[in-house]
Each structure stands twice: as structure tokens, then as C-alpha cells.
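Let's take a friendly walk through one model together. Please have your viewer open and follow along.

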Amino acid sequence: MNSVRVGVQLQPQHCTMDTLRAAWQAADALRVDSIWVWDHFFPLSGDPDGAHFEAWSLLAAMAVDTEHAKLGAMVSCNTYRNPDLLADMARTVDHLSGGRMYLGIGAGWFDHDYTEYGYLFGTPRSRLDDLVVGLDRIAARLVKLNPPPAGTMPILIGASGEKVSLRIVAQYADAWNTYGTPEVYATKNAALDRWCAKLGRDPDEIERTVLITADAIHQWRDYLAAGTQHILVSVENPFDLTPVKLLLTEARENGWGS
């Protein structure tokens, strides 16, 4: 039987810590498959100087505040943290969660974060080159850490570029995320499969995830047909989880739930 996993991304902007904590506890009580936050330092919409919280601090709290869902950043920016440090942080939070972590990572794109925090923005290609270096360093550090991660801690890469980014996914990722319409997703998914074939990678080794807005949940069957295995619904404050609950219910009632 086919199945779909359902997750939620809680946007850590224009909110309080109390509302965020209540949201991830409510999502975990719904038995969603995964809970995510994004990795930025400033809001992506609304007041650019509005309230905002840092991702990995949130994930550490979430790890001890939840019991069921897998957790992750969608996605950590490779150049915001030393890759060896990121590996250690993720391993530590994985232990706090009892082995429920993804290590989500991407090349980065939000220039406001870079400018305000003093990081070199570079070019799209230089950031992708840095991502490859970072992924190699993360892999090397993970095998040295004592103790190792508590769970499998899959590496999830957020990427969409068919010429370079998806090649990196095919080479390094245990899971992949992108966004777009079902038609766009199908195109990217096929491109990833082609890169897997070129590199000799079994495409079934890479979990396929998609990030959507709440108003796109009616298309969940289309996303499954396009190759998605794990649908992540992005929700903003006041964190109304009704669309997520509806998706979970509909998928399970139709025998598609995980």
C-alpha cells in the first residue's frame, strides 16, 4: 500500500516562545510524522525587524518537549555554522530527542541574514561549492563523535537546481526537500532520478519531501503522484493546525497514512 507522511513547519517569526511551544506540542499530539522550523535570523515576510527565533536553539527545546514526531531544520544554512560544529549540535539534539532528528541542510540564499550577521554572501555557485565541503566535513565529524547520534539522523538537503544542486542531493542526501506545484515537483523529482542513475545511486535511498502552504493541501494526491512521500505544511502564527489535521485525517481515511 502506498503511504504519505505528514509534517508541519512552524515559522518562527512574529510570535512568542509560548505560542511556538504550544504549537509544536499540539502538532506532536496530532501524531504528525515530523515538525520543522526554518533557519533564518529575520522574518521572511511582514515586518523585517519583527520577532524571530533561532532554529537550533528551538530544536533543542522541541526535542525534550515532544515525544513522537521526527524533528529538523528546513533547512540549516551551511555557511551560518562551522560544519563540524553543526554535526556536533545535531548529534547532541538527536540524543535529546531520543534519536528523532533529521540533519537538514542547504546552501543558503537569504542575503539579509548574511549581511546583518557578517557572513560572506558569495555567489550561488560558491555557496553550493561550500555546501559540498560542508557535507564532507559533517560526514567525517559524525563518525568521530563520541557518542555517535542516537538514531539514524538522515541528512536532508533542500535543493531545486537541476544542473548542480540535485547532483549534490543524489551524491549526499538521505532525504530531499523542495517546493512548487505538483507539476514542478514532478520535473525536479525526475531530474533527481536522472542524477541518481548517472552517479550509480539507488533513488529509493532518498526520501522525497515537499514543502507546501496550507492552501495547497487539497493537492496532496497530486504531490504523491509526482513522487512525494512526505508532505510538510508550512504554518505561520497563530499556528492554526486545522489544515494539517484535515490532511492527516483524509490521508488515513483513504488508506494512505503512514
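## Ground rules

This is a predicted model, in which local features need pLDDT of at least 70 and side-chain atom pairs count only at pLDDT 80 or more, while totals for chains, interfaces and linings use all residues. Residues are numbered from 1 along each chain as its sequence is written, and side-chain values use heavy atoms, with hydrogens and water left out.

Helices (H or I, at least four residues) and strands (E, at least two) are DSSP runs, numbered from the N terminus. Buried means under 20% relative accessible area, exposed over 50%, and partly exposed in between, with a 1.4 Å probe and protein chains only.

## Salt bridges across the chain

The structure holds 12 salt bridges, each being a side-chain nitrogen of Lys or Arg within 4 Å of a carboxyl oxygen of Asp or Glu. One of them joins the side chains of R21 and D65, at 2.9 Å from N to O. R21 belongs to helix 1 (residues 17–29) and D65 to helix 2 (residues 55–65), so this pair ties together parts that are 44 residues apart in sequence. R21 itself is partly exposed, at 36% relative accessibility.

R81 and D39 also meet through their side chains, with 2.8 Å from N to O. R81 sits in the loop between strand 4 (76–77) and helix 3 (83–97), and D39 in the loop between strand 2 (34–37) and helix 2, so the pair ties together parts that are 42 residues apart in sequence. R81 is buried at 11% relative accessibility, and D39 is buried with a relative accessible area of 1%. A network of salt bridges links D39, E54 and R81.

D84 forms a salt bridge with R141, and their closest N and O atoms are 2.9 Å apart. This pair links distant parts of the chain, with D84 in helix 3 and R141 in helix 5 (residues 124–142), 57 residues apart. D84 counts as buried at 19% relative accessibility, whereas R141 is partly exposed at 28%.

## Helix 1 meets helix 2

How do the axes of helix 1 and helix 2 cross, and at roughly what angle? They come within 10 Å and cross at roughly 45°; axes are lines fitted to C-alpha atoms, for helices over the stretch in contact, and angles run from 0 to 180 degrees between N-to-C directions. That makes helix 1 oblique to helix 2, since angles under 35 degrees count as roughly parallel, over 145 as roughly antiparallel, 65 to 115 as roughly perpendicular and the rest as oblique.

On the helix 1 side, M17, L20, R21, W24 and Q25 meet L58, A61, M62 and D65 of helix 2, where contact means heavy atoms within 4.5 Å.

## Helix 6 under cover

Helix 6 (residues 165–172) is mostly covered, with six of its eight residues buried. Those buried residues are S165, L166, I168, V169, A170 and Y172. They pack against helix 5, strand 6 (155–158), strand 7 (175–179) and helix 7 (182–199).

## Cysteines and a distant pair

A disulfide is a pair of cysteine sulfur atoms within 2.5 Å, and by this rule the count comes to zero. C15 is buried at 8% relative accessible area, and C77 is buried at 4%.

N254 lies in the segment after helix 9 (242–253) and is partly exposed, at 39% relative accessible area. N254 and A55 are 199 residues apart in sequence and 34 Å apart in space, C-alpha to C-alpha.
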